[in-house]
Amino acid sequence: MRKLAWMLICSSLFFQACEGPVGPQGPPGEDGLIGEVHEVKASFTAANQYAADFDLNPAIPASDKIIGFILEGEDNFGNDNWEPLPQTFFYSGGTFVYTFNFSRTGFTIFLDGTTSLANLPANKRTDRIFRFVIIPAALVNKVNTNDMNAVLQAIKVDKAQIQSHLEQLN
């Protein structure tokens with residue numbers, strides 16, 4: 001019996017937890033919601049079937065979304081006006097639209113319409129500037145995706161972090 005009592009005392013010491021002071025707080029972590037912005041230039045002709053393809057490397061997570069904007073001039077203060085895609089315009093009794101689709105590995109911008117695309121003015125077909133924002137799915141319903149500035153703020157991207165690909169397509 002004495003042996004049993006001695007073993008119980010020793011085993012209770014073995015299983016006893018130790019506590020000490022709490023350590024210092026670590027650095028704040030990221031929320032895991034990472035977005036990117038790609039600025040591209042596209043020209044639309046009959047030769048490229050009025051479409052421009054762009055690759056994403058690495059591929060984006062399956063849950064992420066891509067939203068697009070087209071540069072449509074400047075406001076009275078010299079700030080760029082970015083319009084959300086798709087964007088429809090009326091011309092010569094018909095319409096034309098800039099739209100896009102995307103996958104995990106890239107996106108394609110299209111110029112389509114009921115008017116003759118070949119007869120559109122050159123400034124509507126050539127060297128058009130677009131921005132495509134990779135946005136985490138968790139933010140899609142929490143931000144106004146029609147407002148590029150609100151989207152950039154939500155994904156914590158400033159203008160210096162925008163990946164420009166303008167020189168690749170000239």
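Residues are numbered from 1 along each chain as its sequence is written. In this predicted model, local features need pLDDT of at least 70 and side-chain atom pairs count only at pLDDT 80 or more, while totals for chains, interfaces and linings use all residues, and side-chain values use heavy atoms, with hydrogens and water left out.

An open sheet is formed by four strands in the order 2-7-6-5, with antiparallel pairing. Strands (E, at least two residues) and helices (H or I, at least four residues) are DSSP runs numbered from the N terminus, and two strands pair if DSSP finds at least two bridges between them. Strand 2 (51-55) and strand 5 (87-91) are the edge strands, each pairing on one side only. On average, neighbouring strands of this sheet are turned by 15 degrees against each other, direction ignored; axes are lines fitted to C-alpha atoms, and angles run from 0 to 180 degrees between N-to-C directions.

Strand 7 (residues 106-113) is joined to strand 2 by five bridges, and the two run antiparallel. Within this pairing, Asp-53 has Thr-108 of strand 7 as its bridge partner. Strand 6 (residues 94-103) is joined to strand 7 by eight bridges, also antiparallel, and Val-97 stands opposite Asp-112 in strand 7. Strands 6 and 7 form a hairpin with two residues between them.

The largest nonpolar core has 23 residues, and Tyr-98, Ile-109, Phe-130 and Phe-132 have the most contacts inside it. Such a core is a set of buried Ala, Val, Leu, Ile, Met, Phe, Trp, Tyr and Cys residues joined through side-chain atoms within 4.5 Å. At least two residues of this core come from each of strand 1 (36-42), strand 2, strand 3 (65-74), strand 6, strand 7 and strand 8. Not counting residues up to four places away in sequence, the contacts of Phe-130 (heavy atoms within 4.5 Å) include Val-40, Phe-69, Trp-82, Tyr-98 and Ile-109. Another core, of 15 residues, lies apart from the largest one and has Val-37, Leu-139, Met-148 and Val-151 among its members.

Asp-127 is located in the loop between helix 2 (122-125) and strand 8 (128-135). Asp-127 is partly exposed, with a relative accessible area of 44%; buried means under 20%, exposed over 50%, and partly exposed in between (1.4 Å probe, protein chains only). Asp-127 and Val-40 are 87 residues apart in sequence, and their C-alpha atoms are 9.3 Å apart in space.
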